[in-house]
Amino acid sequence: MKIWQCAMFSTLFAWSPQPCLAEAWELAQADTAPVDNLHKNRTPGGSPPTGSALPEAGVKTVDAADMPRTVDEMLSRLLSMNITYSVPESQLREWLANAEYTPYPAIAAGLVSLLQGRRLKNALDLDVIVYDYESSPGAQSPRRNEDVDQAILTAAVLKGYNARHATSATALSEVIE
């Protein structure tokens, strides 16, 4: 069942969207998930951030078996990494379940991979990270895990963290524990 159908049926008939969200999340994680080129956020010009905002050398990725499979698992993993949200939870859940039209599933998976079980010293909102990622010069709104640029994601985390906590961190190692 397509994501919009889940939303439509759950709205019209007051059904719980949870089974649809879980199904949508699994589809979003598939390597063959379609990319909607019409809705990509294209920023003309620019280049990825450089310098000390890049991830440290030797950064590994999380094994696919360790990646959360449902919206509930992803939300739990994000909260354990001190990544919170400033929008209603129901809205965030919808975004996390919709890889076709939002970058949230891909960026959330990118954060799991980037932080590798570590957590931020202080909380930072996922919606702020997504905004900073998509506002970066040269960034395209990712729809699949492999579309997430780890250098841009690291810079987005640092930008959001510095703004929220009045710090001037230049490396990811300065904001994680």
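Mentor: H165 has 25% relative accessibility, so H165 counts as partly exposed (between 20% and 50% of relative accessible area; buried is under 20%, exposed over 50%, with a 1.4 Å probe and protein chains only). This is a predicted model: local features need pLDDT of at least 70, side-chain atom pairs count only at pLDDT 80 or more, and totals for chains, interfaces and linings use all residues. Residues are numbered from 1 along each chain as its sequence is written, and side-chain values use heavy atoms, with hydrogens and water left out.

Trainee: Where is the place of H165?
Mentor: In helix α7; helices are DSSP runs of H or I, at least four residues, numbered from the N terminus.

Trainee: And what does H165 touch, leaving out residues up to four places away in sequence?
Mentor: N122 and A123, where contact means heavy atoms within 4.5 Å.

Trainee: How far apart are H165 and N122?
Mentor: 43 residues in sequence, and 7.9 Å in space, C-alpha to C-alpha.

Trainee: New topic: how many residues of α5 are buried?
Mentor: 12 of 12.

Trainee: What span should α5 have, and what are its ends doing?
Mentor: At 1.5 Å a residue, the 12 residues of α5 (104-115) should span 16 Å, and the end C-alpha atoms are 16 Å apart, which agrees. The expected span is 1.5 Å times one less than the number of residues.

Trainee: What comes just after α5?
Mentor: Q116, with a positive phi of about 45°.

Methods: Helix = DSSP H or I, 4+ residues; strand = E, 2+ residues; numbered from the N terminus.
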